[in-house]
Amino acid sequence: MTTQTATAGLQEQGGTDFKKVAVWIASVGIWFLPLLWIDPTTYAVLTVAGLAMGMLIFLTASGLTLIFGLMDVLNLAHGAFFVWGAYVGFSLLGALQKVGWVEGAGAAQSISSVLLCLLAALVVGGLMGIVLEKMLVRLTYGSHLKQILITMGASLILVEILKVVWSPNDEVVIVPAAFQGSWDIMDVIITKFRVVAIVVGLAVLGGIQLVMMRTKLGIIVRAGVENKEVVETLGYNIRRVFTGVFCAGAALAAVGGTMWSIFKEQIHPAMGEENLIFALIVVIIGGMGSVTGSFLGAIMVGLAFNYVAYTMPPLALGANIMIMAVILLIRPTGLMGKE
Amino acid sequence: MAEPILSLTKVHTYIEQHHILQGVDLSFMPGRATVLLGRNGAGKSTTLRTVMGLTPASSGDIVLKGRAVQAMKPYEVAKQGVGFVPEDQAVLYTLSVEENFRLAMLNENETTWARMETIFQLFPDMKKFWRSKAGVLSGGQKQMLAIARAFVNDHDLLLIDEPSKGLAPIVVDHLIESINHIKNHTTVILVEQNFYMASHIGVDYFILDDGRTVHQGLMADLVHDEGLKQKYLGIA
Ligand SMILES: Nc1ncnc2c1ncn2[C@@H]1O[C@H](COP(=O)(O)OP(=O)(O)O)[C@@H](O)[C@H]1O
Ligand SMILES: [Mg+2]
């Protein structure tokens, strides 16, 4: 019985096997290639930095990919959720600093401060997501042009409001005491908050995978990515599912914004758009609609950005666009996109 | 006479600017399997899709168990107790067979899981491939999954669109057997071009042509009516 299942599976996949293996070797190879010109210690530092950056990009990209996969909606307002999350976290950190929780306090306060900021960003991002979906995005179903115009417009307005509420200038973000500084492990300098970023990223990935693979909601979302009409005729209101996914995606982007602001120790109003570019690259590399694809894409982009930025700084973003182009040449639907 | 479980009165449907259904009148009696016949392009699939709310009717009445459903969304129609098996065996390839069933189960309770036992008896392959991705199933198995999936909810009405399409005769025989079993529990409305299958399942029939109802009667009579078969179905 099981052997039959297995052979049926193999036969079906046989044709694409070679391409798949090639893509996998290429994606793993990128990790080690820089060792040819970067010394191992620096390589290790850059790798940690790249992984941390990748995890944070993943927070934005995971929502973006599901929003596109499920309803075919191009959401360019995703950067606005990110930057709003960053500023909400920044304000709350400022408030917590006044009560002495951020600098010069123990590990418990540091951890609580970060968690509180993430929670605040999550709530604000989620609420913004629901409002935007119900008020605007809903009107654009089926038209990519409308989606681009309306979500870009919404994004501009949200960022302008943000400049009025806070300020149009760069602000310094205080890193909670326990996460300041770095560890030195055999000459490899590991910034503490990078490790936090990696842990948070992995936790979010685990959470998303748990929901997607183990719950009925996850089955509905995955089915919706494949075929909305079938899901509707089986008795599910796909629009409501979509509003939920949009809300969760916005919340995750906002969490990503807060994490990013502490990671970079500074914030500015344009950081949303900057991050959106990375997230879009990641979504395209990973394949529209695939969370796992986005995760792999984000790691690749984070690593490549850091290796190239160390070697030839001006080429860092260009290198990512190159990777995207190469992957699309080999697999037009991205690493894990539906064919 | 009993109330029909589903009736369509003067139903018109447009797809974009095309006037596809131009006055469809149908009524289906509970417990009587009915076949919708008609040439390719006659409007059979569109009729089922209109009932489901996928291509909403622009005018006319659709009444399901005494309730007007023509303005309902597909998910609302489904919740009224209608199972739908679309023309292209729309199983979800990236989901396992198990997940396809769980998706279809509106209530994942003991009664539903008990029905799975019946389904496994009718379609043993579903058990065999339970954990496989639906994408690896053969055409016939996909069709069985699509039908079995619609049967899992104890719906009163099952709409099945051309299940025999592209399947080998032996698989068609298995499908006939299974649908004849299902039809003891659920009212089946079957769209079918394969007259062999249609005549082995249907009790009543309707013929559609050019988006209109043109004929109706008992399947047992149609089998011998060479003139009618020739005129509307192109069967000599
Ligand atoms: N999406 C569509 N756009 C335009 N015309 C369509 C569309 N779908 C179906 N039609 C037309 O509607 C008519 C009826 O189609 P259909 O209901 O699929 O017929 P049947 O199932 O009886 O073969 C056909 O002439 C077909 O070309
Ligand atoms: Mg058809």
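Start at ligand 1: select β2 (18-28) and α1 (44-52) of chain B, each of which supplies at least two residues of the shell around the ligand. Helices (H or I, at least four residues) and strands (E, at least two) are DSSP runs, numbered from the N terminus.

This is a predicted model, in which local features need pLDDT of at least 70 and side-chain atom pairs count only at pLDDT 80 or more, while totals for chains, interfaces and linings use all residues. Residues are numbered from 1 along each chain as its sequence is written, chains are lettered from A and ligands numbered from 1 in the order in which they are written, and side-chain values use heavy atoms, without hydrogens and water.

**The ligand shell**

Now show the residues around ligand 1: I15(B), H18(B), I20(B), R39(B), N40(B), G41(B), A42(B), G43(B), K44(B), S45(B) and T46(B). A residue is near the ligand if one of its heavy atoms lies within 4 Å of it. α1(B) gives the largest share of this shell, 3 residues. Colour by type and you get 3 nonpolar, 6 polar and 2 charged. Here Ala, Val, Leu, Ile, Met, Phe, Trp, Tyr, Cys and Pro are nonpolar, Asp, Glu, Lys and Arg are charged, and the others, Gly among them, are polar.

Zoom in on the ligand's oxygen atoms. An N or O atom in the side chain of K44(B) lies 2.8 Å from one oxygen atom of ligand 1. A polar backbone atom of A42(B) is 3.2 Å from a ligand oxygen. For N40(B), a polar side-chain atom sits 3.4 Å from an oxygen atom of ligand 1. Such polar contacts are pairs of N or O atoms within 3.5 Å. Alone, ligand 1 exposes 560 Å², and the protein buries 61% of that (Shrake-Rupley, 1.4 Å probe).

**The interface**

Next, select both chains. 27 residues of chain B are in contact (heavy atoms within 4.5 Å) with 22 residues of chain A. About 2300 Å² is buried between them, 59% of it from carbon and sulfur atoms. That is the accessible area (1.4 Å probe) lost on being put together, summed over both parts. Pick Y75(B), L103(B) and K128(B): they supply 26% of the area chain B buries against chain A, more than any other three residues. The predictor gives the complex an ipTM of 0.93 and a pTM of 0.88.

**Confidence**

Finally, colour by pLDDT, the predictor's confidence in each residue, from 0 to 100. Chain B has a mean of 94. Among its elements, α1(B) scores highest (98) and helix α10 (residues 226-233) lowest (86). Chain A averages 89. Select residues 1-14 of chain A: pLDDT stays under 50 there. Where pLDDT is low, the predicted coordinates should not be read in detail.

How values were computed:
A polar contact is a pair of N or O atoms within 3.5 Å; within protein, one must be able to donate a hydrogen and the other to accept it, and residues adjacent in sequence count only if both atoms are side-chain atoms. Buried area is the accessible area (1.4 Å probe) that two parts lose on being put together, summed over both.
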